[in-house]
Amino acid sequence: SETPDETAAFPVRVRPEIAGLPPYRQGKQAGADAFKLSSNENPFDPLPGVVAAVQSATSFNRYPDALATRLRSRLADRFGITPDAVHIAAGSVSILYQLAQATSGPGDEILFSWRSFEAYPGLATVAGATAVPVPNRGDGTHDLDAMAAAITERTRLVIVCTPNNPTGPVVTQEAFDAFVAAVPSDVLVVLDEAYAEFVTDPDAVRGEDVIAEGRPNVVVLRTFSKAYGLAGLRVGYAVGHSRILDAARTTGIPLSVTAAAEEAALASLDAEDALRERVAVIAERRDRLAERLRETGWDVPAAQGNFVWLPAGNRALAVAAAFEAAGIIVRPFDGDGVRISVGEAEAVERIVEVARAAR
Ligand code: PMP
């Protein structure tokens, strides 16, 4: 980090709110015999057909299709909508930034539950808007009543994360419907479903149903990074009204989705059976891990993504260090807790042992 002197000596002016923003914190890399469980990645190889599809994208001297037309059409067919109601970008985090830019500027407010995905406060700041975090309930769920009460005339964007990263629980369909009914129609609601494929709770809100309701002010956000295991290729998508997605397309950096990424996503959509098998394996492993951790005395909230949450409070950094010493790289959130991704089966016993000792 810079000393004040270095800052003073540097002539180029940076917006002060940007200079004060911490850079994106990536999960640590793991050494040879450690498990990297710090970024909610998928432990499996790419789905069948994906590597061959990427190798088929050989026109690297040409720009990719700026609108990812084939992938949009495929997703549109799958959701029963028109391609202009689908937007593709280099990761769903890109779409979050685009929607923040499209809806919000100085004086405007972007509302979200907290703690949640780390990018939310930063994307509000980058847009020049004000981040309004509303504390989670003690069990790691969104407090949607408090969020509805926090909406002001300045609120332009509300982000609902389900399952919530990093705490784990979902928003129910019933709670989401009631919440959306309380949000003014000129405020955009983004349902961030990065982990949707892992959800097994039948009461959870489902993007498919939200899309079918066709509300003009709701956008559903998904990604190929998690269940589909394409985090390294960067593909995410949004489904919603074409007018708001056109605004996202306008704010997005052109040509960010590579041809290789589009091919990989298309091939992944062709491997739906294999995807379902893998997701079931991870969801079962998650449920077993959460249960074992509860048996050690940790108050693990409902876990519906591919990760579990240890509410370690002020001991978060120390607990994460204990995991690291045992070859398990996890993600600490200082003062709050530790998030452990559900990865390789071999890691489960080691996680339980460290958690028990750290209790
Ligand atoms: N939303 C949530 C809730 C996430 O946890 C993440 C990734 N950690 C993202 C969005 C962004 O994922 P990507 O950009 O890889 O699609």
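Reader: Hi! How far apart are the end C-alpha atoms of residues 34-353, and how much of the span is helix and strand?
Author: The end C-alpha atoms of residues 34-353 lie 15 Å apart, and the span is 38% helix and 17% strand. Helices (H or I, at least four residues) and strands (E, at least two) are DSSP runs, numbered from the N terminus. This is a predicted model, in which local features need pLDDT of at least 70, side-chain atom pairs count only at pLDDT 80 or more, and totals for chains, interfaces and linings use all residues. Residues are numbered from 1 along each chain as its sequence is written.

Reader: What feature does UniProt place at residues 34-353?
Author: The unreviewed UniProt entry gives "domain: Aminotransferase class I/classII large" for residues 34-353. UniProt positions are in the numbering used here, feature names are shortened, and annotations may be inferred rather than shown by experiment.

Reader: Is Lys 226 buried or exposed?
Author: Lys 226 is buried, because 28 other C-beta atoms are within 10 Å. For the cut-offs, buried means 20 or more other C-beta atoms within 10 Å of the residue's own, exposed means 12 or fewer, and partly exposed is in between, with C-beta atoms placed from the backbone.

Reader: Which residues is Lys 226 in contact with, leaving aside neighbours within four places in sequence?
Author: Those are Asn 40, Asn 42, Ala 194, Tyr 195 and Asn 306. Contact means that the C-beta atoms of two residues, placed from the backbone, lie within 7 Å.

Reader: Handy for setting up a model. What surrounds the ligand?
Author: There are 13 residues around the ligand, and the closest are Gly 91, Ser 92, Val 93, Thr 223 and Ser 225. A residue is near a molecule or strand if its C-beta atom, placed from the backbone, lies within 6 Å of it. The shell has five nonpolar, seven polar and one charged residues. Here Ala, Val, Leu, Ile, Met, Phe, Trp, Tyr, Cys and Pro count as nonpolar, Asp, Glu, Lys and Arg as charged, and the others, Gly among them, as polar.

Reader: New topic: how is the protein chain divided into domains?
Author: Domain 1 takes 4-46 + 273-358, and domain 2 takes 50-269. These bounds come from an automatic or database domain assignment. Taken over C-alpha atoms, the centres of domain 1 and domain 2 are separated by 22 Å. Their contact takes 26 residues from domain 1 and 29 residues from domain 2.

Reader: Which elements supply the side of domain 1 that touches domain 2?
Author: α2 (16-19), α12 (272-295), β9 and β11 each supply at least two residues there. The largest share, four residues, comes from α12. By class, that side of domain 1 has 15 nonpolar, five polar and six charged residues.

Reader: Let's do helices. Which residues of α13 are buried?
Author: In α13 (residues 316-325), the buried residues are Ala 316, Val 319, Ala 320 and Phe 323. Seen down the axis of α13, these fall within an arc of 100°, so they line one face of the helix. The arc is that of the directions from the helix axis to the C-beta atoms.

Reader: What is on the other side of α13, and what do its buried residues pack against?
Author: Ala 318 and Ala 325 are exposed on the other side of α13. The buried residues pack against β9 (307-310), β10 (328-329), β11 (331-333), β12 (337-341) and α14 (347-358). Just after α13, Gly 327 takes a positive phi of about 80°.

Reader: Which residues other than glycine have a positive phi?
Author: Ala 68 is one of them, with phi of about 45°, and Leu 255 is another, with phi near 65°. Ala 68 is buried, with 26 other C-beta atoms within 10 Å, whereas Leu 255 counts as exposed with 12 C-beta neighbours inside 10 Å.
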